[in-house]
Amino acid sequence: MFHLRLLVEYFKQYMKTRMSYRGDFLVQFISNFFHQGLNLVFILVVFQHTPSLKGWSQAEVIFIYGYFLIPWAIFSSFLNLWSFNDRYIIKGELDRVLTRPVHSLVQVIMETMAPESLIGVLTGGIVMGVAGWHLDLDWTWYDPLLFVVFTLGGVLIYAGIFIALTSISLYTDSKSDIQPIMFNISNYGRYPTNIYHKIIQFTLTWILPFAFVGFYPASYLLDHGEWKIYALLTPVVGAAYLAFGIFCWNRGIKHYRGAGN
Amino acid sequence: MRSIEARGLTKEFKVYQSRPGLKGAFRDLLNRQYRTIRAVDAIDLTIEQGEMVAYIGENGAGKSTTIKMLTGILQPTAGELKVNGFDPHREREKFVKTIGVVFGQRSQLWWDIAVQESFRLLKQVYQVPDADYKQRLDRMIEVLDIGGLLDQPVRKLSLGQRMRCELVAALIHQPKLLFLDEPTIGLDVLVKENIRRFLREINREFGTTVLLTTHDISDIEALCSRVVMLDQGKVIYDGGLQELRRNWAKGKKVHFELAREVDMSELEARTAGMPLRWERKGERQVVLHLEQPDLAVSDVLAQIVQHVHIVEMQIEEVSTEEIVRKIYQEGMTLA
Ligand SMILES: Nc1ncnc2c1ncn2[C@@H]1O[C@H](COP(=O)(O)OP(=O)(O)OP(=O)(O)O)[C@@H](O)[C@H]1O
Ligand SMILES: [Mg+2]
């Protein structure tokens with residue numbers, strides 16, 4: 001409850017700062033919107049020429065992609081950790097965070113959130129909607145519920161993995177390129193995993209479980225029963241990876257050496 | 001309750017060294033070499049509630065590192081530590097509610113938002129009740145004279161303006177213990193005086209314990225009765241400012257202006273046997289160095305005043321600044 005109230009406070013501050021650069025805010029919002037729209041057109045054009053993949057129709061591939069955009073958009077709105085190393089380690093803002101009575105990770109998340117990325121949810125929803133409409137899916141009453149649970153599970157998986165990676169900065173302030181690499185790997189989750197080699201399938205399921213942020217849940221929503229078990233595991237995998245990420249973070253905080261001199 | 005209790009508090013840093021050249025880089029990859037720096041070396045420190053203590057030492061002595069352990073930012077390498085009854089790093093979230101922190105070199109406020117918004121956010125973070133918040137804030141705004149700054153973003157404030165706001169931010173939850181790491185660095189005399197007065201006030205009124213590091217000796221003279229001096233991570237002095245002066249200010253200097261030129265040998269002859277030294281500064285100017293603190297100026301005067309006509313006389317105490325400089329240069333062992 002305390003954290004929720006705090007989140008609202010931080011969000012208000014975020015809006016105020018955004019508004020205080022009023023011109024900026026509008027321009028950014030509009031450009032964001034166009035950027036997403038352009039993305040959407042691009043996707044549709046590309047998929048016009050995509051044949052079916054190993055038993056997946058074109059519409060199904062597009063549906064999976066649309067789904068894939070949603071957890072990603074939510075994750076990047078609330079865990080905008082990309083500049084953590086610069087801002088908190090090199091510029092030393094973590095010192096300040098550590099003198100405040102709220103968990104350090106929660107503070108960092110609230111200070112860096114970028115709710116404007118939520119527009120990706122809209123894009124994803126539209127892509128999914130258009131594709132689903134072509135597919136004539138057979139949804140039951142609890143499928144929308146599962147959709148929400150799967151999405152949250154996916155967000156937790158991203159969160160866990162990227163929090164764990166960000167924790168590396170707590171041990172060393174040298175820059176690493178591992179985050180962009182991980183981002184690229186995460187993109188594998190947007191295609192049906194059965195098109196990949198067995199080793200990659202295994203990796204995307206059990207090591208870097210990006211199949212759970214796109215393909216597995218989407219295939220379930222597409223009424224493909226083969227991956228049902230995996231789809232239902234999404235929240236469990238999410239919880240496990242989040243726990244791992246937080247564990248890494250807490251260990252890292254013990255090793256934190258303070259802002260350099 | 002004691003504010004701070006540290007036994008054998010130690011912090012070591014591993015500093016990795018890179019070897020030159022490609023071959024060196026490759027060898028570093030396999031087996032990195034490092035050196036261990038003991039920034040804080042087994043210090044013992046006890047500070048009672050309500051004390052105002054100056055923590056001084058040369059650059060790199062380990063002051064900031066100590067403060068970071070005491071505030072829970074860093075985990076100590078070794079030693080026992082209780083601050084306000086908590087283990088600062090282990091019980092960080094509960095503990096930091098009982099302290100306030102100001103780092104002169106680094107802002108504790110949010111850079112982009114207006115000062116009053118920062119305060120409001122801190123009110124939420126520390127869960128300060130509305131009435132207390134309003135009363136404390138109004139008072140501090142008045143004493144520190146920051147009323148006109150409230151709607152400015154922190155990044156637009158001057159250093160002196162920012163420091164006063166930092167103090168308010170550190171005290172919104174009325175902590176029992178306040179840490180200040182170089183709070184007056186780069187400030188003008190008026191702002192320094194304002195801040196010092198404010199600190200004395202909260203110490204007197206609320207019994208707030210204050211631990212401050214500084215390179216400005218006048219801060220100590222204005223605020224602290226107790227001084228802890230650090231050198232290469234070790235405490236080399238812990239005691240009163242007066243004792244420090246007494247033990248180290250080996251006597252004083254007296255400047256004389258005489259009515260006519262006097263032979264140094266005459267002065268020396270008349271004060272023979274006394275622990276002092278005469279020095280000629282000009283034709284009629286001489287300086288008397290009293291080399292023991294218990295030698296009174298009047299005793300010397302009694303010897304010469306009937307034979308030498310003194311036009312003017314000025315007694316000069318050794319400044320604390322000089323004393324501290326001397327200790328930094330020569331070390332404490334010579335005492
Ligand atoms: N994060 C760190 N990594 C490695 N060494 C460090 C680190 N922080 C401090 N040190 C070293 O520890 C020693 C003490 O530093 P510290 O900042 O505590 O000194 P200080 O007394 O505050 O000095 P100053 O008066 O310059 O502020 C220095 O030798 C410094 O180089
Ligand atoms: Mg320092």
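A network of salt bridges links B:K192, B:E193, B:R196, B:R200, B:D216 and B:D219, a salt bridge being a side-chain nitrogen of Lys or Arg within 4 Å of a carboxyl oxygen of Asp or Glu. The model is predicted, so that local features need pLDDT of at least 70 and side-chain atom pairs count only at pLDDT 80 or more, whereas totals for chains, interfaces and linings use all residues. Residues are numbered from 1 along each chain as its sequence is written, chains are lettered from A and ligands numbered from 1 in the order in which they are written, and side-chain values use heavy atoms, with hydrogens and water left out.

Helices (H or I, at least four residues) and strands (E, at least two) are DSSP runs, numbered from the N terminus. B:D216 and B:R196 are both buried, where buried means under 20% relative accessible area, exposed over 50%, and partly exposed in between (1.4 Å probe, protein chains only).

Over all chains, the structure contains 33 salt bridges. One of them joins the side chains of A:E9 and B:R120 at 3.3 Å, N to O. This pair crosses between chains, from helix α1 (residues 2-20) of chain A, which holds A:E9, to helix α4 (residues 115-126) of chain B, which holds B:R120. A:E9 counts as buried because its relative accessibility is 8%, whereas B:R120, at 31%, counts as partly exposed. In chain A, a salt bridge is also formed by the side chains of A:R87 and A:E93 (3.6 Å, N to O). A:R87 is partly exposed at 26% relative accessibility, and A:E93 is partly exposed at 23%.

Chain B also holds an open sheet of three strands in the order β2-β1-β4, with antiparallel pairing; two strands pair if DSSP finds at least two bridges between them. Strands β2 (33-48) and β4 (78-83) of chain B are the edge strands, each pairing on one side only. From one strand to the next, the twist averages 25 degrees. Strand β1 (residues 2-17) of chain B pairs with β2(B) in the antiparallel sense over 12 bridges, and B:V15 stands opposite B:R35 in β2(B).

Note on methods
Axes fitted to C-alpha atoms, helices over the stretch in contact; angles between N-to-C directions.
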